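Reader: I am new to this structure and would like a close look at one part of it. Could you take me through the salt bridges with some care?

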Amino acid sequence: GACCGAGGSQREREREEWTEREGRRMSETITEEAIVDINEGAPGQGFSFVQKYKEKLPVRLGELTDKVLEQLKTLNKAIFPVKYNDKFYVDVAQSGQYTKLAYYSTDILVGAICCRLEKPTGGGGGGTRLYIMTIGVLAPYRSCGVGTEMLEKTLEDAEKDPSVSEAYLHVQTSNTDAMGFYKRFGFEVTSTIKNYYKRIDPPDCHVLTKKSPDEPGGRGGGAG
């Protein structure tokens, strides 16, 4: 707020510049194969699924506010080789507690999980679906448990919410590391979509779904 004065603005600029520098450090590793459809999330493109922790990174998870929206955009620009459109961020803002930001050393933004809530339409039954659009962690902080911690907390919140019937996401069919990772959390392949991705090969994706414990097919006891 205004109470922070110029010092607060300076700190915010420094944090954004730092995030952009981290993005430039990893820019050489981005290839055409990593580019996905601009309108869809890219779970798995932004953090390591292989659990070879350098060390567990202590992070604080916070929710998205108007104040940190620009920081989230800067973070995603540094992690993902696409520019997400305005609707992406409208959906993220409306997802409330399910979108989470990971901060290291109090206020350095190092990762985020971005979600969308999909409410039933057309008067049909069924609960709200939680779509996990992206999970991303800055390259120097990967393999430190940050992505795992964000996903765990988001799924915990979903299980406590009686209006949410399931969580789902898309994974490229060839990404066996990602599928193994999500299956550890209770996700199962429920369908396959041909030609889902526009500029990567193979272009097909699996839809992985985790039912609420109270839903038919849900496990009732978490991811185990």
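Is Lys 153 buried, partly exposed or exposed? Please go on from there to its partner and to the other charged pairs.

Author: This is a predicted model, and in it Lys 153 counts as partly exposed, at 31% relative accessibility. The side chain of Lys 153 meets that of Asp 157 in a salt bridge, with 2.9 Å from N to O, and Asp 157, at 8% relative accessibility, counts as buried. Both residues lie in helix α4 (residues 146–160), where they are four residues apart and so separated by about one helical turn.

A further salt bridge pairs Glu 159 with Lys 210, their closest N and O atoms being 3.6 Å apart. This pair links distant parts of the chain, since Glu 159 sits in helix α4 and Lys 210 in strand β7 (residues 205–211), 51 residues apart. Glu 159 is partly exposed, with a relative accessible area of 30%, whereas Lys 210 counts as buried at 8%.

Arg 129 is partly exposed, with a relative accessible area of 29%, while Glu 166 counts as buried at 11%. Arg 129 and Glu 166 also belong to one network, in which salt bridges that share partners join them with Lys 87, Asp 91, Arg 116, Glu 118 and Lys 211. The count for the model comes to 12 salt bridges.

Conventions:
Residues numbered from 1 in each chain as written. Predicted model: local features only at pLDDT ≥ 70, side-chain atom pairs only at ≥ 80, totals over all residues. Heavy atoms only, no water. Salt bridge = Lys/Arg side-chain N within 4 Å of Asp/Glu carboxyl O. Buried < 20%, exposed > 50% of the residue type's maximum accessible area, 1.4 Å probe, protein only. Helix = DSSP H or I, 4+ residues; strand = E, 2+ residues; numbered from the N terminus.
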